Amino acid sequence: MEKKNKTKQLPLYIQISELLNREIAAGHWLPGDRLPIEAELAAKLGVAIGTLRKALKKLEEDGFLERRQGSGNYVKRAPGGRAIYQFFHLETLEGGGVPTADILSITVDDDEFVKRQLNVEADGKLWCIKRARYLNRELVAMEQIWFKHAHAPTLKPKDLHESLYLHYRDHFSFWISRVEDEVDCAPAPQWVTDNLELAPDTTMPKVHRRSWSNEGIIEEFSFTWYDPAKCRYVARWH
């Protein structure tokens with residue numbers, strides 16, 4: 001397996017709020033359902049009560065939970081478009097799961113096919129990032145992501161947030177407002193099968209993604225190869 005580089009991770013309470021957000025979206029709890037009592041839920045998630053309460057407070061502030069004094073926390077409505085991972089469509093086989101990522105490499109690239117996708121001039125450059133993707137700390141997928149070199153003259157793993165869409169918003173002055181995915185199956189490249197410990201040339205599901213900014217400009221192109229024995233691709237509309 002290639003060497004992994006740690007990126008900036010989300011605070012633990014945000015990770016927990018994202019996990020609960022995704023599990024509500026997956027139907028583990030429906031609108032009107034009461035969540036388990038806080039002590040039970042904190043123990044299940046392996047976090048302190050204080051961390052869980054911060055996560056629940058964020059979900060309440062975002063309008064997804066309702067806290068009823070003396071009764072508990074109730075699902076108010078299914079998550080819509082405010083979650084950090086709103087466009088992340090891989091879930092555990094049971095549904096939901098908290099995503100994390102490790103960077104394998106960052107290189108300058110001049111792939112002609114990708115430059116056409118991103119409307120980059122022939123003499124332009126791209127950043128290419130290869131990442132390992134996890135759900136609940138289990139390796140499930142590999143990503144190859146490109147965006148315009150002009151956004152950052154230099155780029156190191158420690159500079160990047162594990163949520164690249166959050167990084168774009170905080171550092172590149174745009175955010176991703178729309179994506180288009182195409183899913184097919186194809187033999188995976190060797191770096192993918194090596195990292196996922198699969199046989200060479202294994203045929204795998206492959207997601208081709210184009211991502212547009214809030215200004216209507218295509219800003220990112222990516223491939224995601226995922227292991228269907230460990231996760232599934234799910235898209236929901238609310």
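Helices (H or I, at least four residues) and strands (E, at least two) are DSSP runs, numbered from the N terminus. The model is predicted, so local features need pLDDT of at least 70 and side-chain atom pairs count only at pLDDT 80 or more, while totals for chains, interfaces and linings use all residues. Residues are numbered from 1 along each chain as its sequence is written, and side-chain values use heavy atoms, with hydrogens and water left out.

Six strands form an open sheet in the order β4-β5-β6-β9-β8-β7, with antiparallel pairing; two strands pair if DSSP finds at least two bridges between them. β4 (99-109) and β7 stand at the edges, each with a single partner strand, so one side of each is left without a neighbour in the sheet. From one strand to the next the twist averages 20 degrees, where axes are lines fitted to C-alpha atoms (for helices over the stretch in contact) and angles run from 0 to 180 degrees between N-to-C directions.

Within this sheet, β9 pairs with β6 in the antiparallel sense over seven bridges. Gln-144 has Phe-223 of β9 as its bridge partner. β9 also pairs with β8, again antiparallel and over seven bridges. Here His-208 stands opposite Phe-223, and Lys-206 stands opposite Trp-225. β8 and β9 form a hairpin with four residues between them, and Gly-216 in the turn has a positive phi of about 80 degrees. Nine of the nine residues of β9 are buried, so this strand is largely enclosed by the rest of the structure. Buried means under 20% relative accessible area, exposed over 50%, and partly exposed in between (1.4 Å probe, protein chains only).

Strand β8 contains Ser-213, which is buried with a relative accessible area of 2%. Contact means heavy atoms within 4.5 Å. Leaving aside neighbours within four places in sequence, Ser-213 is in contact with Phe-174, Trp-175, Ile-176, Ser-177 and Glu-219.

Helix α5 (residues 164-171) has Leu-164, Tyr-165, Leu-166, His-167 and Tyr-168 buried. The buried residues of α5 pack against β5 (126-135), β6 (138-148), β7 (176-187), β8 (203-213) and β9 (218-226). Just after α5, Ser-173 takes a positive phi of about 65 degrees.

Another helix, α1 (residues 12-25), has 14 residues that should span 20 Å at 1.5 Å a residue, and its end C-alpha atoms are 20 Å apart, which agrees. The expected span is 1.5 Å times one less than the number of residues. Of the 14 residues of α1, 11 are buried, so this helix is largely enclosed by the rest of the structure.

On a 1 Å grid over the protein atoms alone, a cavity is a set of points where a 1.4 Å probe fits but cannot get out, and lining residues have an atom within 4 Å of a point. Grid points are joined across faces, edges and corners, and a volume is the space filled by probe spheres set on the points. The count comes to two cavities of 30 Å³ or more, and the largest cavity has a volume of about 300 Å³. Its lining has 21 residues, of which Phe-87, Phe-88, Arg-133, Glu-143 and Arg-209 lie nearest the centre. β5, β6, α5, β8 and β9 each supply at least two residues of that lining, and β9 gives the most, with three residues.

Conventions. On a 1 Å grid over the protein atoms alone, a cavity is a set of points where a 1.4 Å probe fits but cannot get out, and a pocket is an open set with protein on both sides within 12 Å along at least five of seven lines; lining residues have an atom within 4 Å of a point.
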